Amino acid sequence: KAFGYPQAEPTPKPCSFDGDAGGSFTSFCYFVDYLKYLNHVKMSKPSMRVLNWYDTGLLVSVMQGYIADSGVSLLTDADGLAMLRDASIGHIISKLNQMMAVEPFSTTRGVYNFFIGDGACRLNGGVELALHLVEGYKAQSMTTLWIFNNHK
């Protein structure tokens with residue numbers, strides 16, 4: 001038991017996306033299910049960092065609203081709230097750089113998700129930098145990039 005944390009829940013079963021044969025899900029439903037799963041991961045390992053950071057672009061903001069309306073925690077932190085408040089398209093790319101390349105963040109185990117809109121990717125060279133970071137650095141965390149493309 002980690003000091004200051006509640007008793008951990010059992011480790012969740014691996015996440016799967018079965019049962020959408022009827023086409024009743026929207027693509028945002030899968031994000032809700034994924035975030036529900038991450039909430040269970042956080043509750044099973046309370047001392048481990050499980051965090052999501054969201055870009056301030058339109059599509060990512062719509063997805064955030066959909067997740068919040070479902071009642072699922074967004075699992076963000078003070079930096080994540082600052083990103084939303086500042087509405088800077090470069091803030092999320094800077095945070096990605098910090099988590100992948102700067103100690104102690106890069107050497108700390110955790111589960112990190114970056115939801116990046118196409119504005120940050122196109123205007124700031126975000127995709128190129130993100131791929132450079134993933135290929136060039138070996139962080140101790142599981143880092144997932146969700147890159148949205150609004151083109152057609």
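User: By what definition are helices and strands assigned and numbered here, and which pattern does the protein chain follow along its sequence?
Analyst: Helices (H or I, at least four residues) and strands (E, at least two) are DSSP runs, numbered from the N terminus. The model is predicted, so local features need pLDDT of at least 70 and side-chain atom pairs count only at pLDDT 80 or more, while totals for chains, interfaces and linings use all residues. Residues are numbered from 1 along each chain as its sequence is written, and side-chain values use heavy atoms, with hydrogens and water left out. The protein chain holds six helices and three strands, and its pattern along the sequence is α-β-α-α-α-β-α-α-β.

User: What percentage of the residues in the protein chain is buried?
Analyst: Buried means under 20% relative accessible area, exposed over 50%, and partly exposed in between (1.4 Å probe, protein chains only). The protein chain has 152 residues, and the buried share of them is 36%.

User: What share of the contacts with a separation of 6 or more joins residues 24 or more positions apart?
Analyst: A contact means heavy atoms within 4.5 Å. Among contacts in the protein chain with a separation of 6 or more, the share from residues 24 or more positions apart is 75%.

User: Which residue forms a salt bridge with aspartate 77?
Analyst: A salt bridge is a side-chain nitrogen of Lys or Arg within 4 Å of a carboxyl oxygen of Asp or Glu, and the structure holds two. In one of them, aspartate 77 has its closest N and O atoms 3.9 Å apart from those of its partner, arginine 49. The pair links distant parts of the chain, 28 residues apart: aspartate 77 is in the loop between helix H2 (58-69) and helix H3 (78-86), and its partner in strand E1 (residues 49-54) is arginine 49.

User: Which helices are tied together by the salt bridge of aspartate 79 and lysine 95?
Analyst: The side chains of aspartate 79 and lysine 95 meet at 2.5 Å, N to O. Aspartate 79 is partly exposed at 32% relative accessibility, whereas lysine 95 is buried at 5%. Because aspartate 79 and lysine 95 lie in separate helices, the pair ties together parts 16 residues apart in sequence, namely H3 and H4 (residues 91-101).

User: How wide is the arc covered by the buried residues of H4?
Analyst: The buried residues of H4 are Ile92, Ile93, Lys95, Leu96, Met99 and Met100. The arc, taken from the directions from the helix axis to the C-beta atoms, places these residues on the same side of H4, since it spans only 160°. An α-helix has 3.6 residues a turn, so residues three or four places apart point the same way.

User: Is glutamine 64 buried or exposed?
Analyst: Glutamine 64 has its place in helix H2. Leaving aside neighbours within four places in sequence, glutamine 64 is in contact with Tyr54, Asp55, Leu74 and Leu84. At 9% relative accessibility, glutamine 64 counts as buried.

User: How far apart in space are glycine 119 and threonine 56?
Analyst: Glycine 119 lies in helix H5 (residues 118-123) and counts as buried at 18% relative accessibility. Glycine 119 and threonine 56 are 63 residues apart in sequence, and their C-alpha to C-alpha distance is 9.2 Å.
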